[in-house]
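Look at the model first, then read the points below.

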Amino acid sequence: MAWLAAALITPDLARAGDRTLLYDNGGFTLRAHIEAGLNTVLERRLFWGLASIAAPAASFNPNKQWLEAYLKPGLSFTRTLGRNLTVYGKISGVASGTLGTDAFNTGDIGRVTLEEAYLGLRSSSTTGPTFDLSLGPREFKAGTGMLIANGGTSGFERGALKLGPRKAWEFAALGRARYDGFSGTAFFLDPNELPSSNGFTRLAGMDLRYDGTSGNYVGLTYGHVLESKAPYPKAALGGIGPPSVIPGARGGLNFANLYWRAKPLPNVLENLFVTFDGAYEWNRSIDLRAWGGRVQVGYSFASLPWAPVLTYSYQTFSGDNPATSRLERFDPLYFEGSPSAWSTGSKSSMVFINSNVNAHQLALRVTPTERDTLTLRYSYIDANELLSPIQFGQATRIDFVGNAPGLVAGVTHRHLADDIFVEYTRKLNPNAYLTAGYSVSFPGPGITAITKSKTPWTGGFVNVVVSY
């Protein structure tokens, strides 16, 4: 790539110090992109020792350490046309791998895959409406990322489990129109799932949004799963017995997500903000009705040293009620699962997807310098439904319900875990970041009733990510 840049870049650009612009002439620009990450991870007593109870024959080692890395090179272009029109596109790929054995017992493995390969046409206007159309693999997020965000899957045979470099959908058809703060986006999406667990899901929908001043917004996303082979678990009647599996249950799912952010007291508490997300799902073919949501309140103490930002959130997702014939299990679809977005806990998010759980979460972020950020997160996590699958029913086991033994799934006590996560980020330069984190998860009665142990699950990581 260096020889290509040297051949194409002009002396003026070289003096300007633009490291990514390869060519700019006559309304045509060509730009290079490069992103890379290296992460080392250490875990102790993974999953609180649940593996020794649920799958003792697997001889799973709960203590792991591994190294993972990825490289994501790419090229993008724009070509200016007449009448305020621009043709644009991008192509990129991901090479990722893991050295050692990761949390899900996969290691010394990796893959090279296509990431983005899209073409688009957009208009520009300072007064009137604009549009943006594109086809091909690319990133796309609807709303706050509660349901539609992470189009690509990493980990397992692809490696780089924690870094998660894949974000783009395997195919995306997007059409967006904007006018005076209002925008509407129609989408058709095909997720880039793992070959070993491909659900062959296709979904389409629309996101309508209004962006106001001071970061305020309100929006509504509606979508429909056109086809899918992804199954759902269903709790046994009364919670006694293994969960049944409904093949292809995701197909035909409808979902609606209302979201907004506001500053309710701009003249009194200017730095106070409130956000809300609510989602409802239904599928008549399998009699599914499910719900989920989050309320978040935050305040920025901008005038204090280190400019602290304190945030409290409560998020909850329905589980399948074992006392009914209806299915109430919430499907989180392709949510953005980072701790700053929609994960439930830190360690716990590796076990509990956003279904049949609720959590109180506190976060405190301080910035000692312009280049340093320190964040402390605490999560108190419960189950919404007892004796009902929390993830996918993997912890089905013999347990006592009352005085009689029986085959059950889920937990018999609501409290699952308390997670504490400390994260430090250092901005090495405008394009490179160093991040280190340590987390500990204390099992609650819902977990200790199974494992018979209160020993916490601990772990840490250090990574460097570079992006141009």
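Glu-116 and Lys-90 pair through their side chains in a salt bridge, with N to O at 3.3 Å. A salt bridge here is a side-chain nitrogen of Lys or Arg within 4 Å of a carboxyl oxygen of Asp or Glu. The model is predicted: local features need pLDDT of at least 70, side-chain atom pairs count only at pLDDT 80 or more, and totals for chains, interfaces and linings use all residues. Residues are numbered from 1 along each chain as its sequence is written, and side-chain values use heavy atoms, leaving out hydrogens and water.

- The structure holds 12 salt bridges.
- Lys-72 pairs with Glu-115, the closest N and O atoms being 3.9 Å apart.
- This pair links distant parts of the chain, 43 residues apart: Lys-72 is in strand E3 (residues 64-80) and Glu-115 in strand E5 (residues 107-123).
- Strands (E, at least two residues) are DSSP runs, numbered from the N terminus.
- Glu-116 and Lys-90 are both buried.

**Arg-426 and Asp-372**
- Arg-426 forms a salt bridge with Asp-372, with the closest N and O atoms 2.7 Å apart.
- Arg-426 is partly exposed at 24% relative accessibility, whereas Asp-372 is buried at 8%.

**Thr-86**
- Thr-86 lies in strand E4 (residues 85-101).
- Thr-86 is buried, with a relative accessible area of 14%.
- Its contacts (heavy atoms within 4.5 Å) include Thr-78, Leu-81 and Gly-120, not counting residues up to four places away in sequence.

How values were computed: Helix = DSSP H or I, 4+ residues; strand = E, 2+ residues; numbered from the N terminus. Buried < 20%, exposed > 50% of the residue type's maximum accessible area, 1.4 Å probe, protein only.
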